[in-house]
Amino acid sequence: MSYGILFLRAVLGLIMAGHGAQKLFGWWGGPGLQGVHGWLTSMRFRGGWLPVLLLVGNEFGGGLLLAFGLFTPFAAAAIVAGMFVAIATTHWRNGFWNGAGGYEFNLLILVGAAALAATGGGRFSLDNAFGWADNLSGLWWGVGALGAGALAAFLTLTVGRRREVPAASEPDRGLRTA
């Protein structure tokens, strides 16, 4: 079981860190910080550079922490929050399947991260090396990662975004044409 947790944690964490590195450094065809800033601004996120830092911290930082098994449930909660936001802002409207841009893979990442919060970092983790593994694992850590991630996503999507302004329609001036 320890090897399975290590494999899942390392692969999921490094993929998330790589996804964040695209945004942070512009590596592997990524947009870099300026591109992410423009993209988040176009999606009505407020706060200037704060949402950029949160997103990059979530993906790059959370991914590295998860890969190394350090503060595993907190890293998982960050990833869960990011996936909830990604589903809500980008993928939900496209349905379930990823082939159509749906949320299939985001949900898989979200559930994988929450499961790792419940199992903990395992035998081959920094949490274990520091003697924290027993205190940072269990069902309630998984539930907590889901709950904290959902709450952070909710706040990001409500407080952290400007409302969409409907397009102004032509005022009716009472003029009729035949």
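**Entry 1: phenylalanine 71**

I began with phenylalanine 71, which counts as partly exposed because its relative accessibility is 35%; buried means under 20% relative accessible area, exposed over 50%, and partly exposed in between, with a 1.4 Å probe and protein chains only. I note for later entries that this is a predicted model, in which local features need pLDDT of at least 70 and side-chain atom pairs count only at pLDDT 80 or more, while totals for chains, interfaces and linings use all residues. Residues are numbered from 1 along each chain as its sequence is written, and side-chain values use heavy atoms, with hydrogens and water left out.

I then looked up where phenylalanine 71 sits, and found it in the loop between helix 3 (50-68) and helix 4 (72-91); helices (H or I, at least four residues) and strands (E, at least two) are DSSP runs numbered from the N terminus. The backbone at phenylalanine 71 has a positive phi of about 55°, although the residue is not a glycine. Most residues other than glycine have a negative phi.

I found a second residue of this kind in tryptophan 28, which has a positive phi of about 55° and is not a glycine either. Tryptophan 28 belongs to the loop between helix 1 and helix 2, and it is exposed because its relative accessible area is 61%.

**Entry 2: the whole chain**

I stepped back to the chain, which has seven helices and zero strands. Its C-alpha atoms fill a box of roughly 80 × 30 × 30 Å along the principal axes, and 37% of its 178 residues count as buried.

**Entry 3: the largest pocket**

I turned to the largest pocket, whose volume is about 740 Å³; on a 1 Å grid over the protein atoms alone, a pocket is an open set of points where a 1.4 Å probe fits, with protein on both sides within 12 Å along at least five of seven lines, and lining residues have an atom within 4 Å of a point. Grid points are joined across faces, edges and corners, and the volume is the space filled by probe spheres set on the points.

The largest pocket is lined by 35 residues, and Leu55, Asn58, Ala81, Gly82 and Val85 are the closest to its centre. I asked myself which helix gives the most to this lining. Helix 4 does, with ten residues, while helix 1 (2-25), helix 2 (32-42), helix 3, helix 5 (104-119) and helix 7 (139-158) are among those that supply at least two each. By class I recorded 21 nonpolar, eleven polar and three charged lining residues; Ala, Val, Leu, Ile, Met, Phe, Trp, Tyr, Cys and Pro count as nonpolar, Asp, Glu, Lys and Arg as charged, and the others, Gly among them, as polar.

**Entry 4: the salt bridge**

I searched the whole structure for salt bridges and found one, the term standing for a side-chain nitrogen of Lys or Arg within 4 Å of a carboxyl oxygen of Asp or Glu. It joins glutamate 59 to lysine 23, with the closest N and O atoms 3.0 Å apart. Glutamate 59 lies in helix 3 and lysine 23 in helix 1, so this pair ties together parts that are 36 residues apart in sequence. Both glutamate 59 and lysine 23 are buried.

**Entry 5: pairs separated in sequence**

I first took alanine 76, which lies in helix 4 and counts as buried because its relative accessibility is 0%.

I next took valine 159, in the segment after helix 7, which counts as exposed because its relative accessibility is 56%. Valine 159 and phenylalanine 45 are 114 residues apart in sequence, and 9.1 Å apart from C-alpha to C-alpha.

I ended with tyrosine 103, in the loop between helix 4 and helix 5, which is buried because its relative accessible area is 16%. From C-alpha to C-alpha, tyrosine 103 is 9.6 Å from phenylalanine 84, and the two are 19 residues apart in sequence.
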